[in-house]
Amino acid sequence: MMDRLSDLAHRAGLAVLAQATGYAFLMYLVFSLLVLWLETRRGGRAGLLRSRAFMNDVLYALFYRGGLYAVFVWALLVNLFQRQLAFLQLGLLRDVPMIVSVPLYWLVGDFLFYWFHRLQHRVPALWAFHRVHHAAQSLNTFSQNRRHPVEYTLNSLVFYLPLAFVLGLSTKSWVPWFMTAQLLESLQHAQLDWGFGPLYRLVVSPVFHSIHHSSDPRHFNRNFGPMLSVWDYIFGTAAADAVRPAQYGIEGTVMPESLAAQTVGPFLVLARSGLRLDAPTSAAAVEPAPPL
């Protein structure tokens, strides 16, 4: 009887996960297609839809947003380590009104991810995986998803552990937060000349984040903010100019437009270097930013 109940509970959990993933993907797809339409209206983007890079970005999006990653990677990790992470379940915001808890989580999560993003550009072993994202020589709304599975998993842990365990934000609060996050993520890598006007120093815009992908040495190690650009102004990593750069990518590095090569490549680099990679020196380089 207990085995039967356990099996039913397991199936119910998978059903809830599948339903939530489906809603999330539908929401992301609507936002992204809208932004893609705005991109094509901008002009000069007709060849985007036919490029191998764009198709790979779409495949990354389908994997991470369509449910495969959530079921085969994220759910597996959570189930494997749920007992070990029980000590983190503090539920600090469990009984806090939504109008307070959502902004607090946003600030805490964004602050943590800002510093983790800086570490990805400082620590060679982390950079080996993060460079897959920065090697793209063109940007579009789906470029947000061009990330190595190791990086994506680490990002998820940094961003969602405070939500699910430490802060214990009520699931009723997820919808408004998640919708806003999805919209901003769809916009950040889009080829749009949007700076959000007076909000440029507060919220990450397409122009602000495009500078982070610039191959211009003046932009190295700048504009790290994930959703809020204010951290870069507080900690001195904001770029002085506020216009889209002319070129993107990592100078001297051409990464093959092959999902297999992009997945295996970082492991090969780490194996050859014995985890002693040189610090990144272009596109997302560590110089001349202030020290951590």
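Helices here are DSSP runs of H or I with at least four residues, strands are E runs of at least two, and both are numbered from the N terminus. On that basis, the elements of this protein run α-α-α-α-α-α-α-α-α-α from the N terminus on. That comes to 10 helices and zero strands.

Some ground rules. This is a predicted model, so local features need pLDDT of at least 70 and side-chain atom pairs count only at pLDDT 80 or more, while totals for chains, interfaces and linings use all residues. Residues are numbered from 1 along each chain as its sequence is written, and side-chain values use heavy atoms, with hydrogens and water left out.

Confidence next. pLDDT is the predictor's confidence in each residue, from 0 to 100. The protein averages 79, and 72% of the residues score at least 70. Helix α9 (residues 230–234) has the highest confidence, at a mean of 97, and helix α1 (residues 2–41) the lowest, at 66. Two stretches stay under 50. Residues 1–13 are one, with zero contacts beyond four places in sequence. Residues 281–292 also stay under 50, yet the model gives them 41 such contacts. Contact means heavy atoms within 4.5 Å. Where pLDDT is low, the predicted coordinates should not be read in detail.

Now the whole chain. Of its 292 residues, 46% count as buried. Buried means under 20% relative accessible area, exposed means over 50%, and partly exposed is in between (1.4 Å probe, protein chains only). Among contacts with a separation of 6 or more, 76% join residues 24 or more positions apart.

What is the end-to-end distance of helix α2 (residues 52–65)? Its end C-alpha atoms are 20 Å apart. Buried residues in α2 include Phe 54, Val 58, Tyr 60 and Tyr 64.

Next, a loop residue. Ser 205 sits between α7 (174–188) and α8 (206–212). Is Ser 205 buried or exposed? Ser 205 is buried, because its relative accessibility is 0%. Beyond four places in sequence, Ser 205 touches Gln 188, Trp 194, Gly 195, Phe 196 and Tyr 200. Its side chain also reaches the backbone nitrogen of Phe 208 at 3.2 Å.

Last, a tryptophan. Trp 115 lies in helix α4 (residues 98–122). With a relative accessible area of 26%, Trp 115 is partly exposed. Trp 115 and Trp 231 are 116 residues apart in sequence, but 9.3 Å apart in space, C-alpha to C-alpha.

Terms used. Polar contact = N/O pair within 3.5 Å; in protein donor to acceptor, adjacent residues only side chain to side chain. Expected span 1.5 Å × (residues − 1).
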